[in-house]
Amino acid sequence: RPGNAVLTLSGAVTDEQGFELAEHYFGGIPEGPEPERAVTTRLPHHHGVPRVTVHSDVPQDMLFLSWLTPSLRTPESLAVDQALSILAEGQSSRLHNVLVRNEELADGVGSSELGLSDGTSLALLTLRPRDGVSLERLEERVTELIEELAEQGPTAAELDRALAGYESSWLAELGSLDSRADAINEAATLLQNPTTINEQLG
């Protein structure tokens, strides 16, 4: 419905042409009532360390570590993204260098984030232990490395790499018309401010 929709036009189109096209294709749709926006709150903090163990017929064990993280609306969200990049994005990341290349405790590491605009997001690290390495030993070592990053922060080289990677991926996303429209639309829909795409790189 027009009262609860966002339309983004990206490309060689003027304001007047855009409004004309929107009126042509959508002007005849009757406006419906705008739904109330649900009020969401952050999930409560964990008590202890919640664990789930899954037993299944799989080729190799896996270790998953997850954390409740801030919503996309907060400045801390970008900091979480950078921390995950420093820890586990690519073969120059800290966990890959230590666990895969140097200490040979893992065959692979990875990270991802489920970023939500309201409430609580979720950050995830995945680790595949090398043959003969227990999940308990891998968890112990990766926990030490995460605590080390939290206490000492990243090195200048790690931070430069993370920032360069973020800038490169963000500019690549804005490089095509459809991806740029998606980014504008996402900012308008989830953050209620389409101009935030101009602030991602500071």
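Arg130 is partly exposed, with a relative accessible area of 25%. Here, buried means under 20% relative accessible area, exposed means over 50%, and partly exposed is in between (1.4 Å probe, protein chains only). The model you are looking at is predicted, with local features needing pLDDT of at least 70 and side-chain atom pairs counting only at pLDDT 80 or more, while totals for chains, interfaces and linings use all residues. Residues are numbered from 1 along each chain as its sequence is written, and side-chain values use heavy atoms, leaving out hydrogens and water.

**Salt bridges**

Let us stay with Arg130 for a moment. Its side chain meets that of Asp107 in a salt bridge, meaning a side-chain nitrogen of Lys or Arg within 4 Å of a carboxyl oxygen of Asp or Glu. This pair links distant parts of the chain, 23 residues apart: Arg130 is in the loop between β3 and α4, and Asp107 is in strand β2. The helices (H or I, at least four residues) and strands (E, at least two) named here are DSSP runs, numbered from the N terminus. Asp107 is partly exposed, at 32%.

In the whole structure, a search finds nine salt bridges.

| Pair | N to O distance |
|---|---|
| Asp118 and Arg73 | 2.9 Å |
| Glu103 and Arg141 | 2.9 Å |
| Arg130 and Asp107 | 3.0 Å |

Asp118 forms its salt bridge with Arg73. Asp118 sits in the loop between β2 (106–114) and β3 (121–129), and Arg73 in the loop between β1 (63–69) and α2 (76–88), so the two tie together parts that are 45 residues apart in sequence. Asp118 is partly exposed at 26% relative accessibility, and Arg73 is partly exposed at 35%.

Next comes the salt bridge of Glu103 and Arg141. Because Glu103 lies in the loop between α3 (94–102) and β2 while Arg141 lies in helix α4 (residues 135–152), this pair ties together parts that are 38 residues apart in sequence. Glu103 counts as partly exposed, at 32%, whereas Arg141 counts as buried, at 16%. There is also a network of salt bridges that links Arg94, Glu148 and Glu158.

**Inside the fold**

Now for the nonpolar cores, which are sets of buried Ala, Val, Leu, Ile, Met, Phe, Trp, Tyr and Cys residues joined through side-chain atoms within 4.5 Å. The largest one has 24 residues, of which Leu95, Leu99, Leu125, Leu127, Leu138 and Val142 touch the most other members. At least two residues of this core come from each of β1, α2, α3, β2, β3 and α4. Apart from it lies another core, of five residues, including Trp170, Leu174, Ala183 and Ile197.

Not counting residues up to four places away in sequence, Leu138 touches Leu63, Leu99, Leu105, Ala106, Leu127, Arg128, Pro129 and Val133. Gln82 is in helix α2 and is buried, with a relative accessible area of 9%.

**Helix α1**

Helix α1 (residues 15–26) has twelve residues, and its end C-alpha atoms are 16 Å apart, which agrees with the 16 Å it should span at 1.5 Å a residue; the expected span is 1.5 Å times one less than the number of residues. This helix is hardly covered, with one buried residue among its twelve. Ile29 is found in the loop between α1 and β1 and counts as partly exposed, at 39%.

Key: Contact means heavy atoms within 4.5 Å.
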